[in-house]
Amino acid sequence: MRSYITEFIGTYFLVLTVGATVLTKTPLAPVAIGAILMVMVYAGGHVSGAHYNPAVTLAVLLRGRINLADAVPYWIAQLAGGVLAALTATYIVNPRSVPTLSPSGRELGVALLAEALFTFALAYVVLNAATSKDHPGNSFYGLAIGFTVMAGAFAVGGISGGAFNPAVAVGAASMGLLAWSKIWIWLLADLAGGALAGVAFLALNPKERAPLELSAA
């Protein structure tokens, strides 16, 4: 339960920061978003692993560092934190109008690709910096993870929305920033990116391979 609550708190503040900065059109929103993720990773990493992202949890599951019995509650906590944070951000900012991103045509494929690539990068960094046996007790993992999200948000945030996280995508849709009719774009791309990162990590680090566990037993 400590891990699930930690995942809820970390995801909540991540999505709250996304919502507050984007709804107020803060110029350096990616910096704030990367920074809150960094500090929340440092705050909760020792408790839950600080995923705060269903795609990262999927990558860690495939990597063998979490079992399915824990992954499902992680996903529930992350999505709940994202939705509650979206409601909070909307209440605090109270925007008059919200521009909704709804890709179509070529933009749809571009959004899928951009989201998948940077979610892959994020999950790949998490696996290598925070779960690898080659980096026991390192102190740089939070900074590496936060900077990956910041870089991705600057690079493609204006193209795909820069979610890189299904919980962020659901929160953004709850705020009206992403179209609910197109939410599958972010869910599919982000989960695919996380899964590919898990596969790539094991392919490049075969000594880290562990059997996939379906239960906490």
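On a 1 Å grid over the protein atoms alone, a pocket is an open set of points with protein on both sides within 12 Å along at least five of seven lines, whereas a cavity is a set where a 1.4 Å probe fits but cannot get out; lining residues have an atom within 4 Å of a point. Grid points are joined across faces, edges and corners, and a volume is the space filled by probe spheres set on the points. The model is a predicted one, in which local features need pLDDT of at least 70 and side-chain atom pairs count only at pLDDT 80 or more, while totals for chains, interfaces and linings use all residues. Residues are numbered from 1 along each chain as its sequence is written, and side-chain values use heavy atoms, with hydrogens and water left out.

The largest pocket holds about 590 Å³ of space. It is lined by 25 residues, of which Val22, Gly157, Gly158, Gly161 and Leu177 are the closest to its centre. At least two lining residues come from each of helices H1 (2-23), H2 (29-48), H6 (141-160) and H7, where helices are DSSP runs (H or I, at least four residues) numbered from the N terminus. H1 gives the most, with 4 residues. By class, the lining has 16 nonpolar, 8 polar and 1 charged residues; here Ala, Val, Leu, Ile, Met, Phe, Trp, Tyr, Cys and Pro count as nonpolar, Asp, Glu, Lys and Arg as charged, and the others, Gly among them, as polar.

The second largest pocket contains about 260 Å³. Ser48, Gly49, His51, Val60 and Arg65 are the closest to its centre among its 14 lining residues. H2, H4 (68-93) and H5 (106-131) each supply at least two residues of this lining, and H5 has the largest share, 3 residues. The lining divides into 6 nonpolar, 6 polar and 2 charged residues.

The largest cavity has a volume of about 130 Å³, and of its 18 lining residues the closest to the centre are Leu14, Leu37, Leu122, Val149 and Asn165. H1, H2, H5 and H6 each bring at least two residues to the lining, which comprises 14 nonpolar, 4 polar and no charged residues.

Helix packing comes next. H7 (residues 166-174) and H8 (residues 183-204) pack at about 170°, with axes 9 Å apart; the two helices are therefore roughly antiparallel to each other. Pro166, Ala169, Val170 and Ala173 of H7 meet Ile183, Trp186, Leu187, Asp190 and Leu191 of H8 in this contact, which has 8 nonpolar, no polar and 1 charged residues. Axes are lines fitted to C-alpha atoms, for helices over the stretch in contact, and angles run from 0 to 180 degrees between N-to-C directions. Angles over 145 degrees count as roughly antiparallel, and contact means heavy atoms within 4.5 Å.

An unreviewed UniProt entry lists "transmembrane region" for several stretches, including 12-33 and 108-127. Residues 12-33 are 77% helix and 0% strand, with end C-alpha atoms 12 Å apart. Residues 108-127 are 100% helix and 0% strand, and their end C-alpha atoms lie 28 Å apart.

Methods
Angles under 35 degrees count as roughly parallel, over 145 as roughly antiparallel, 65 to 115 as roughly perpendicular and the rest as oblique. UniProt positions are given in the numbering used here, feature names are shortened, and annotations may be inferred rather than shown by experiment.
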